[in-house]
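This briefing is for a reader meeting the structure for the first time. It begins with the way helices cross and then moves through the other topics in turn.

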Amino acid sequence: LLLSRSKDIVDHLGWEQHPKKNFTNTLPTIESQLLNIMSRHQSGIGIDQLCRMTQIPINKMACYLLNLEIKGHIKALPGKKFMLVGE
């Protein structure tokens with residue numbers, strides 16, 4: 001079985017995905033902060049830039065971004081960039 005994206009894992013495990021429209025009320029503070037930053041960068045923002053803006057180490061940032069991707073709030077782009085998923 002080849003899993004190439006986070007959605008493949010979610011589908012394979014049978015998890016249901018229900019992205020929240022108002023994410024600031026349902027997510028941890030740091031994840032909400034990241035989504036707010038991403039909302040100002042429509043074409044995506046790099047992980048390095050997110051680390052500089054938030055002072056979060058890259059290893060922790062990668063975990064936050066993976067959590068947001070699994071929850072269906074963001075998607076990964078080429079070049080270590082991320083953007084919000086369209087509503």
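The crossing of H3 and H4 is right-handed, and in this predicted model the two helices pack with their axes 10 Å apart, at an angle of about 110°. Because angles of 65 to 115 degrees count as roughly perpendicular, H3 and H4 are described as roughly perpendicular to each other. These helices belong to a protein whose secondary structure comes to 4 helices and 3 strands, and its elements run α-α-β-α-α-β-β from the N terminus on.

**Helix packing**

- Two packed helices are described by the angle between their axes and by the distance between those axes.
- Helix H2, which covers residues 29-39, packs with helix H3, which covers residues 47-54, at an angle of about 120° and with the axes 11 Å apart.

**The loop between H3 and H4**

- Glutamine 55 is found in the loop between H3 and H4, and isoleucine 56 lies in the loop between H3 and H4 as well.
- Glutamine 55 counts as exposed because its relative accessibility is 66%, and over 50% is the cut-off for that word.
- Isoleucine 56, in contrast, counts as buried because its relative accessibility is 12%, where buried means under 20%.
- Isoleucine 56 and isoleucine 30 are 26 residues apart along the chain, and their C-alpha atoms are separated by 9.6 Å.

**Positive phi values**

- Most residues other than glycine have a negative phi.
- Glutamine 55 has a phi near 65°, which is a positive value in a residue other than glycine.
- Lysine 80 is not a glycine either, and its phi is positive at about 60°.
- Lysine 80 lies in the loop between S2 and strand S3, the latter covering residues 81-84, and lysine 80 counts as exposed because its relative accessibility is 62%.

**The salt bridge**

- How many salt bridges does a search of the whole structure find? The search finds 1 salt bridge.
- Glutamate 31 forms a salt bridge with lysine 71, and the closest N and O atoms of the two are 2.9 Å apart.
- Glutamate 31 counts as buried because its relative accessibility is 3%, whereas lysine 71 counts as partly exposed because its relative accessibility is 32%.

**Burial and the surface**

- Of the 87 residues in the protein, buried residues make up 32%.
- Leu3, Ile9 and Leu13 form a nonpolar patch on the surface, and together they have about 240 Å² of accessible area.
- Leucine 13, one of the residues of this patch, is found in helix H1, which covers residues 6-13.
- Leucine 13 is partly exposed, because its relative accessible area is 47% and that description applies between the cut-offs of 20% and 50%.

**Other pairs separated along the chain**

- Phenylalanine 82 has its place in strand S3, and phenylalanine 82 counts as buried because its relative accessibility is 11%.
- Phenylalanine 82 and glutamate 69 are 13 residues apart in sequence, and from C-alpha to C-alpha they are 9.0 Å apart in space.
- Glutamine 42 lies in the loop between H2 and strand S1, which covers residues 45-46, and glutamine 42 counts as exposed because its relative accessibility is 63%.
- Glutamine 42 and glycine 86 are 44 residues apart along the chain, and their C-alpha atoms are separated by 10.0 Å.

Technical notes. Residues numbered from 1 in each chain as written. Predicted model: local features only at pLDDT ≥ 70, side-chain atom pairs only at ≥ 80, totals over all residues. Heavy atoms only, no water. Patch = residues over 30% accessible without salt bridge, like charges linked within 9 Å, V, L, I, M, F, W, Y side chains within 5 Å. Areas by Shrake-Rupley, 256 points an atom, 1.4 Å probe, with all protein chains shown as cover. Salt bridge = Lys/Arg side-chain N within 4 Å of Asp/Glu carboxyl O. Buried < 20%, exposed > 50% of the residue type's maximum accessible area, 1.4 Å probe, protein only. Axes fitted to C-alpha atoms, helices over the stretch in contact; angles between N-to-C directions. Parallel < 35°, antiparallel > 145°, perpendicular 65-115°, else oblique. Left-handed = near helix turned anticlockwise from the far one by under 90°.
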